[in-house]
Amino acid sequence: MRYLISVIDDSTEPGAADRRPEISAFNERLMAEGYWVFAGGLAETAAATVVDNRGERAVVTDGPYVESKEYLAGVWVWEAPDLDVALRLAAEASKICDRKVEVRPFA
């Protein structure tokens, strides 16, 4: 099963600034063990653009959809045999990237 792991940062209490070496090593291990599907960090929320085309015309708004102290900082997509494995890896990921993570299976 595939899982989306959302990395959640906090603008009032951000995680450690540069965890890239640790994250890269963790990603290499995920690849070697067959869990890796995809990962990527995201630009700051000020770089976001929201597009809403549910009405008669598209409305484009600069900035994040909602103002919040917590925001999505990056994602992983993993292939894991079950939720227990995904949660074990997520606990490691949270420690390595020094941020909270949310684990959600794909439908």
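Select Asp10 and the residues around it: leaving aside residues up to four places away in sequence, Asp10 touches Lys69, Glu70 and Tyr71, where contact means heavy atoms within 4.5 Å. The model is predicted, so local features need pLDDT of at least 70 and side-chain atom pairs pLDDT 80 or more, while totals for chains, interfaces and linings use all residues. Residues are numbered from 1 along each chain as its sequence is written, and side-chain values use heavy atoms, without hydrogens and water.

Stay on Asp10 and show its strand, S1 (residues 2-10); strands (E, at least two residues) and helices (H or I, at least four) are DSSP runs numbered from the N terminus. Asp10 counts as buried because its relative accessibility is 11%, and buried means under 20% relative accessible area with a 1.4 Å probe, protein chains only.

Next, select helix H1 (residues 20-32) and helix H2 (residues 83-97), whose axes lie 9 Å apart at an angle of about 160°. Axes are lines fitted to C-alpha atoms over the stretch in contact, and angles run from 0 to 180 degrees between N-to-C directions. Show Glu22, Ile23, Phe26, Arg29 and Leu30 in H1; they meet Arg88, Leu89, Glu92, Ala93, Ile96 and Cys97 in H2.

Finally, zoom out: the protein has two helices and six strands, in the order β-α-β-β-β-β-α-β from the N terminus.

Technical notes:
Buried means under 20% relative accessible area, exposed over 50%, partly exposed in between (1.4 Å probe, protein chains only).
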